[in-house]
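Let's go through this one term by term and check each label against its cut-off. Here is the structure.

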Amino acid sequence: MYRIVASIISLQQHLDSLATNPVIYRPRVCPHCSFGQLWSHGCYERKADRHGSSSDSLNPIPIPRYLCQGCHQTCSRLPECIAPRRWYNWTIQQIVILTLLTGCSLRGCSKQCRLDRRTIRRWWNELHEHHHKFEWSLRMRFPELGRSVDFTGFWQNCLQAMSLSQAMAWLDREGVIVP
Ligand SMILES: [Zn+2]
C-alpha cells in the first residue's frame with residue numbers, strides 16, 4: 001500500500017515529475033510503521049520501457065526510495081504506469097483482461113496479444129483470486145459499478161469507467177494489496 005503515485009501515466013511524465021517535482025513521490029507515512037518522517041534514499045532502476053528500441057529507450061527508469069527515520073526500513077514509490085513486481089505494464093494487462101472478458105480463450109488471447117499463455121493465465125487467475133476484495137473496495141467508492149452481477153460484468157463496467165492502472169492506484173491508496 002501507498003506504493004503507487006496516481007495520475008503519473010507515462011514513463012516520460014514520470015521522468016519529468018522526478019526532475020521537477022519529486023516531492024509528490026514522498027509518502028506521507030511509512031508503510032511499515034506509519035511513522036511520519038521519511039528521507040529520500042536514492043533510486044533503484046527498472047527496465048520499464050518495453051516500447052522504445054535500444055537507441056530511443058527511456059531505460060533505465062529510476063524509482064525513488066525512502067528511508068524511515070522511525071523503523072529504518074526503506075520503501076519505494078512507483079508511478080501509476082508501472083505495475084508492482086511485474087515485467088509488463090498495466091496497459092498491456094488491461095488489453096489482455098478486456099480480451100479475455102469478451103470470452104476469448106487463453107490460447108486465442110495469447111496469439112492476438114503475442115504474449116506467453118502462462119503469463120496471461122497468471123494475470124487472469126490473480127484477478128479472479130483477488131476479485132471479491134477488489135470488487136468490494138471499488139464498489140464502496142464507485143457505487144455506479146454496483147449494478148453488474150458477475151465477475152465479467154463487474155470488470156467490463158470497471159474498465160469502461162477507468163483504466164486498470166487507475167483502479168489499482170486507487171486500491172493501493174485504500175490499503176488493498178495490489179499483486
Ligand atoms: Zn517506518
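Predicted model: local features only at pLDDT ≥ 70, side-chain atom pairs only at ≥ 80, totals over all residues.

Q: What makes a space a pocket or a cavity?
A: On a 1 Å grid over the protein atoms alone, a cavity is a set of points where a 1.4 Å probe fits but cannot get out, while a pocket is an open set with protein on both sides within 12 Å along at least five of seven lines; lining residues have an atom within 4 Å of a point. Points are joined across faces, edges and corners, and a volume is the space filled by probe spheres set on them.

Q: Which residues are closest to the centre of the largest pocket, and which element gives the most to its lining?
A: Of the 19 lining residues, Ile9, Glu80, Ser163, Ser165 and Gln166 are closest to the centre. H6 gives the most, with 6 residues. By class, this lining splits into 9 nonpolar, 7 polar and 3 charged.

Q: How many cavities of 30 Å³ or more are there?
A: The count comes to 1. The largest cavity has about 80 Å³ of space. Helix H2 (90–101), H4 and helix H6 (164–173) each give two or more residues to its lining, and H4 has the largest share, 4 residues.

Q: How do you know that the length of H2 agrees with its residue count?
A: Helices are DSSP runs (H or I, at least four residues) and strands are too (E, at least two), numbered from the N terminus. The expected span is 1.5 Å times one less than the number of residues. The 12 residues of H2 should therefore span 16 Å, and its end C-alpha atoms are 16 Å apart, which agrees.

Q: Why is H2 called mostly covered?
A: Buried means under 20% relative accessible area (exposed is over 50%, partly exposed in between, with a 1.4 Å probe and protein chains only). In H2, 9 of its 12 residues are buried, among them Trp90, Ile97 and Leu101.

Q: Why is the pair of Trp124 and Phe151 called edge-to-face?
A: Rings of Phe, Tyr and Trp (its six-membered ring) pair if their centres lie within 6.5 Å; planes under 30 degrees apart count as stacked, over 60 as edge-to-face and the rest as tilted. Trp124 and Phe151 sit 5.4 Å apart centre to centre, with 85° between the planes, so the pair is edge-to-face. Trp124 lies in helix H4 (residues 117–141) and Phe151 in helix H5 (residues 151–161), so the pair ties together parts that are 27 residues apart in sequence.

Key:
Residues numbered from 1 in each chain as written. Heavy atoms only, no water. Nonpolar A, V, L, I, M, F, W, Y, C, P; charged D, E, K, R; others polar.
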